[in-house]
Amino acid sequence: MGVQITERDTRMLGWLGQVRLADVDGLSWALGALSGSGVPVSLSFTRRWVRRMFTSGFVGRDRPTFQDASVVWVASSVSGHKPPNVLRATTRHQVAVARLSARFMCAGYDWENDRRPASPNDHQADGVAVRAEGELTLIEVELTPKIDARYSAIFSNHRWRLTNEGISSVVYLCNKSSAKKVISYRDKTMPPEQAQLVQVFGILGERGELLEGWEVAFEHLMNRPILAQGAANEPVENVVIDMPLLPPPPPPQAPPVSTYYVVDED
């Protein structure tokens with residue numbers, strides 16, 4: 001008897017085709033999001049789902065030596081694409097994007113692929129998180145700091161899209177070293193009215209894993225007002241987490257001009 005494919009299975013395969021690769025962590029959050037619960041399903045349920053999809057030929061899987069768990073992708077017979085090379089250096093980045101994409105969906109966002117670059121100088125973000133109100137947020141997942149020339153082109157593209165393409169904000173989700181580089185470059189090159197629309201969250205470890213306390217970033221994103229270009233100048237808020245997580249400092253008596261939440265031992 002053939003395997004029965006549910007509507008959620010179909011939507012899961014569609015999401016997996018978007019992000020290209022996912023590990024069990026990302027899959028468990030995506031399964032929870034697509035069930036409407038808003039919380040991840042158990043890892044045992046996720047592994048059973050992967051086994052059912054694998055034995056029925058809908059997904060492929062492999063376990064690179066540098067990964068703690070197997071990675072899964074839509075099978076070539078279904079997608080029409082070649083299977084990914086999981087030994088490439090970009091695999092960790094793709095897995096991190098999938099983990100974060102699934103968490104955005106659990107938080108009530110829709111996840112879309114960014115449009116393809118229109119020219120060699122154009123830039124494609126790692127994804128677009130769409131709020132129920134229609135707010136479009138470009139998501140950048142940063143595991144390796146880039147050189148200034150590369151950031152120059154990317155931030156020029158951000159400025160253009162914030163002004164001309166209806167993008168509401170840009171969110172960087174980074175490891176510690178990348179977060180500090182992005183914050184520094186943003187503050188040096190962007191006018192305050194646009195810098196407030198580019199938020200940086202250092203919530204990833206060096207291998208792309210989410211650090212303890214990553215929920216701080218998502219709580220902030222859920223509660224922030226919808227920002228608009230040219231709105232009153234608000235403090236730029238960043239969250240950078242380093243392990244072990246330390247308690248936040250007490251709130252100041254008067255609101256500062258610019259607020260940075262940096263959990264750091266340096």
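Trainee: How do the residues lining the largest pocket divide by type?
Mentor: The lining has 17 nonpolar, 14 polar and 13 charged residues. Gly counts as polar. The model is predicted: local features need pLDDT of at least 70 and side-chain atom pairs 80 or more, while totals for chains, interfaces and linings use all residues. Numbering starts from 1 along each chain as its sequence is written, and side-chain values use heavy atoms, leaving out hydrogens and water.

Trainee: Which element gives the largest share of that lining?
Mentor: Helix α1, with six residues. A pocket here is an open set of 1 Å grid points where a 1.4 Å probe fits, with protein on both sides within 12 Å along at least five of seven lines; lining residues have an atom within 4 Å of a point.

Trainee: Switching to β3. Which way do its side chains point?
Mentor: Val 71 and Trp 73 go one way, Val 72 and Val 74 the other. All are buried (under 20% relative accessible area, 1.4 Å probe, protein chains only).

Trainee: What pairs with β3?
Mentor: Strand β1, residues 22-23, antiparallel over two bridges. Strand β2, residues 59-62, also antiparallel, over four. Pairing takes at least two DSSP bridges.

Trainee: Which residues sit opposite each other?
Mentor: Ala 22 has Val 72 as its bridge partner. Val 59 stands opposite Val 74.

Trainee: New topic. Is Asn 175 buried or exposed?
Mentor: Buried, at 0% relative accessible area. Asn 175 lies in strand β7, residues 169-175.

Trainee: What does its side chain reach?
Mentor: The backbone oxygen of Leu 143, at 2.7 Å.

Trainee: And which residues does Asn 175 contact, beyond four places in sequence?
Mentor: Glu 142, Leu 143, Gly 202, Leu 204, Gly 205 and Glu 206, with contact meaning heavy atoms within 4.5 Å.

Conventions: Buried means under 20% relative accessible area, exposed over 50%, partly exposed in between (1.4 Å probe, protein chains only). A polar contact is a pair of N or O atoms within 3.5 Å; within protein, one must be able to donate a hydrogen and the other to accept it, and residues adjacent in sequence count only if both atoms are side-chain atoms.
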